[in-house]
Amino acid sequence: MTKQTSTAKVELRGVKKRFGNKVVLDGVDLKLEHGQSLVVIGGSGTGKSVMIKCVLGIIRPDEGEIYVDGKEVTRLSGRARDAMLKKFGMLFQAAALFDSLPVWENVAFGLIQGRGMGRKQAREIAVETLGKVGLGPEVAKLSPAELSGGMQKRVGLARAIASDPEIIFFDEPTTGLDPIMADVINDLIVSTVDRLGVSALSITHDMVSARKIADRIAMLYQGKIVWDGPTEEIDKSGNEYVEQFIHGRAEGPIKMEVRK
Amino acid sequence: MNFFATIGRVTLAAFQQIGQLSLFIVSSVTGLLRPPIYWRLIGQQVLRIGYYSLPVVGLTAFFTGGVLALQIYIGSDRYGAEAFVPQIVVLGITRELGPVIAGLMVAGRVAAAIAAELGTMRVTEQIDALTTLSTNPIKYLVVPRLVASVLTLPLLVAIADSIGVFGGYIVATKSLGFNGYVYLKNSVDFVTNEDVYSGLIKAAVFGFIIALMGCYNGFNSKGGAQGVGAATTNAVVTASILILAANYVLTSVIFTR
Ligand SMILES: Nc1ncnc2c1ncn2[C@@H]1O[C@H](COP(=O)(O)OP(=O)(O)OP(=O)(O)O)[C@@H](O)[C@H]1O
Ligand SMILES: [Mg+2]
């Protein structure tokens, strides 16, 4: 029996992950097609961040397979993994900026360390990329600790896109930003994906942002993808979990674990 | 029953730690052998580990040399062997006290700082971010610290040795009535290359232990601020214990051939 290979840019098949007794991912199947912008929605703590960390190999899944460009990458390590990760850019939910380096070196990090670019040229690209996320050149030499939360997020975003990766993961790109800046970032994500070849997977709670940036939306609930479809169909999904989520109702099949 | 279960659990945990530490050492050493090597970062760490430790190491070595001279003088009074103060001071400092005192002081300063820094990077996902930027965190964070620490500790100890002997000299000449020239001549004539080298070899090993314990504990810290705090404490405690244990082993290997 030969395994079916994957034609998608990134594909997860039956990915499971538990921490102790707590099952977080319970067989996730998801495809990110080439050049597509996929948004994953889902309640807080449902395992969205864990899911993308599994793809990047930061967290090892217990079961299941992950494919990138048709190649299985689930248990890669060492140089093969480094080569695989060269295709990726990642915005961490909490930005995860290197606090020992100034802002511009954070943004230029992938260019200098990963690509071996000279510091001077990398700095120019970094300043230019900072401009795209609405940060002026005066921010470049500050340290990350001197920035506000939303500014840190935007620096993280600039770091994720600076080295022109093929696949970009955005973990809550607009959380903590004001509505206007959130829209600027949405536009940036759309234009980044529109450039040929870039595939994006974003995680968000923000339905306005999801509708704007997504070609396709998937919903994660209790460790599984419960709905997956084109953005236009989200309002007529006929799925009660999706309905409850996009309308933000407390009443419905999704029970929040709060004690009254 | 519970008693045996506890023993079992503790034993398993200990073996797991040893296994994990061995893997960590192996990947650090392979990281050292394969390019890229981050010279800039090694330079930075030499400055941080070596240069900024000089005041602490110098002061402790000075007082240790001084008190050693005083104790030997008082103690050897019973045998009328006061004249041997310079010889015993120089031997004690170069063979044992120089490396051990410097090792312990640097363990307190540097192992703690490394564990806190890497621990914070771990819990704020900066180490994960490094891998997503195709940078091996072992090579980028651990190797420079290990290399810098192994290289600088012998230098620090060489300085500590000189300052320690000088401390003894000051006490001996200022308050014990020794002649300065005779004291120094006796010290220099008595000490052998082997005494000094043995101390420097020890220092290199201690340097390895210090950086290793700082990096290992920082790298594996979990949780938030509390986890980083625990990692820092563990780094200093394990580094200090391992330094004293390694000191015994090295002494018996070097001097009982
Ligand atoms: N390293 C870990 N160790 C133990 N449990 C973890 C770990 N990482 C995540 N979890 C658990 O996995 C679950 C999912 O976490 P995750 O961060 O993926 O949530 P999320 O969907 O991204 O939520 P949010 O929208 O709030 O960011 C949580 O219940 C969390 O407690
Ligand atoms: Mg999350």
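## Confidence along chain A

The score pLDDT is the predictor's confidence in each residue, on a scale from 0 to 100. Helices (H or I, at least four residues) and strands (E, at least two) are DSSP runs, numbered from the N terminus. Over chain A the average pLDDT is 87, and 96% of the residues score at least 70. Where pLDDT is low, the predicted coordinates should not be read in detail.

This is a predicted model, in which local features need pLDDT of at least 70 and side-chain atom pairs count only at pLDDT 80 or more, while totals for chains, interfaces and linings use all residues. Residues are numbered from 1 along each chain as its sequence is written, chains are lettered from A and ligands numbered from 1 in the order in which they are written, and side-chain values use heavy atoms, with hydrogens and water left out.

## The magnesium site

Ligand 2 is a magnesium ion, coordinated by the OG atom of A:Ser49 and the OE1 atom of A:Gln93 at 2.0 to 2.2 Å. A:Ser49 belongs to helix H1 (residues 48-55) of chain A, whereas A:Gln93 sits in the loop between strand S6 (88-91) and helix H3 (103-114) of chain A; the pair is 44 residues apart and links distant parts of the chain. Donors are N, O and S atoms within 2.8 Å of the metal (3.2 Å for Na, K and Ca), and because water is not among the atoms, sites may look incomplete.

A:Ser49 has a relative accessible area of 17%, so it is buried. A:Gln93, at 37% relative accessibility, counts as partly exposed. Buried means under 20% relative accessible area, exposed means over 50%, and partly exposed lies in between (1.4 Å probe, protein chains only).

Oxygen atoms of ligand 1 lie 3.2 Å from a backbone N or O atom of A:Thr46, 2.9 Å from a polar backbone atom of A:Gly47, and 3.1 Å from a polar side-chain atom of A:Glu172. On its own, ligand 1 has 630 Å² of accessible area, and the protein covers 64% of this. Accessible areas come from the Shrake-Rupley method with a 1.4 Å probe; for residues, only the protein chains shown count as cover. A polar contact is a pair of N or O atoms within 3.5 Å; within protein, one must be able to donate a hydrogen and the other to accept it, and residues adjacent in sequence count only if both atoms are side-chain atoms.

## Chain B

Chain B has 9 helices and 0 strands. Its C-alpha atoms fill a box of roughly 65 × 55 × 35 Å, taken along the principal axes. Of the 257 residues of chain B, 45% count as buried.

B:Gly19 is placed in helix H1 (residues 2-33) of chain B and, at 32% relative accessibility, counts as partly exposed. B:Ala245 is in helix H9 (residues 225-255) of chain B and is partly exposed at 40% relative accessibility. B:Ala245 and B:Leu155 are 90 residues apart in sequence and 22 Å apart in space, C-alpha to C-alpha.

## Positive phi in two loops

A:Ala96 has a phi near 50 degrees, a positive value in a residue other than glycine. A:Ala96 lies in the loop between S6 and H3 of chain A and is buried, at 4% relative accessibility.

B:Ser134 is not a glycine either, and its phi is positive, about 50 degrees. B:Ser134 is found in the loop between helix H5 (126-132) and helix H6 (137-175) of chain B. With a relative accessible area of 16%, B:Ser134 is buried.
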